[in-house]
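Here are some short notes for a first look at this model. Please read them with the structure open.

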Amino acid sequence: MVLLRAEPKTIMQMGSFVYHTLFIDGITYLCATDNALDTITPSAFLKNVSDTFLRNPLMSQEHFSPSNAVAGDFQQVLGKYMMQYNKNQGDSSISTLRSQVTEVKNIMSKNIDEILENEERLNIFTDKTNDLQTTAKESQKTRKILRRRWWKHFRKIIIITVVILLSIIIILLSTNVIPT
């Protein structure tokens, strides 16, 4: 199943083994491990094997057909890498834990940064809301003041109009234009 996917990297657990694959230039490199926690070591192993395999001048031929000589030589390379990576397995657990702790620290730092940014945005939003509330209250006060002034002005116009009308009536009465 893993070989049929042809994805650049896959990790699949089947039974008690974890299968890691690396697909480069039409060639699938496969590694089986018994440690589900460590994905760094098998990936590094497959990368080194693929680099070594592709650097071999016989591999660059257009139609590659592995000969027994190439297979024998490459078995020695594989054996060397397997010994190297299996020897570092004790250190690998510690390095895996360290890398996981570093990854968690990075994620936590990122989350804290996002929280601080969100808090800053929230403070800006709160300030704008307070400004809007203040503006709304000031607008209501201004409307009340304008309404009071309008009514005062209207009263003055009414009083002036009444005074003018009374004056006209008095003038007309005094000139006997209007019969009494």
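1. A term first: two strands pair if DSSP finds at least two bridges between them. That applies to the hairpin of β1 and β2, which has two residues between the strands. Within this hairpin, G15 takes a positive phi near 70 degrees. Keep in mind that the model is predicted.

2. Now the overall layout. The chain holds four helices and three strands. Read from the N terminus, the order is α-β-β-β-α-α-α. Of the 180 residues in the chain, 14% are buried.

3. Helix α2 covers residues 40-55. Its 16 residues should span 22 Å at 1.5 Å a residue, and the end C-alpha atoms are 22 Å apart, so the two values agree.

4. Which residues of α2 are buried? They are T41, P42, F45, L46, V49, S50, T52 and F53. These residues cover an arc of only 165 degrees around the axis, so they lie on the same side of α2.

5. Look next at the surface. A nonpolar patch there is formed by W150, W151, F154, I158, V162, L166, I169, I170 and L173. Together they have about 840 Å² of accessible area.

6. Take I158 from that patch. I158 sits in helix α4, residues 89-174. Its relative accessible area is 40%, so I158 counts as partly exposed: the class lies between buried, under 20%, and exposed, over 50%.

Technical notes:
Residues are numbered from 1 along each chain as its sequence is written. This is a predicted model: local features need pLDDT of at least 70, side-chain atom pairs count only at pLDDT 80 or more; totals for chains, interfaces and linings use all residues. Side-chain values use heavy atoms; hydrogens and water are left out. Patches are made of residues with over 30% relative accessible area and no salt bridge: like charges are joined within 9 Å, nonpolar side chains (Val, Leu, Ile, Met, Phe, Trp, Tyr) within 5 Å. Accessible areas come from the Shrake-Rupley method with a 1.4 Å probe; for residues, only the protein chains shown count as cover. A salt bridge is a side-chain nitrogen of Lys or Arg within 4 Å of a carboxyl oxygen of Asp or Glu. Buried means under 20% relative accessible area, exposed over 50%, partly exposed in between (1.4 Å probe, protein chains only). The expected span of a helix is 1.5 Å times one less than its number of residues. The arc is that of the directions from the helix axis to the C-beta atoms.
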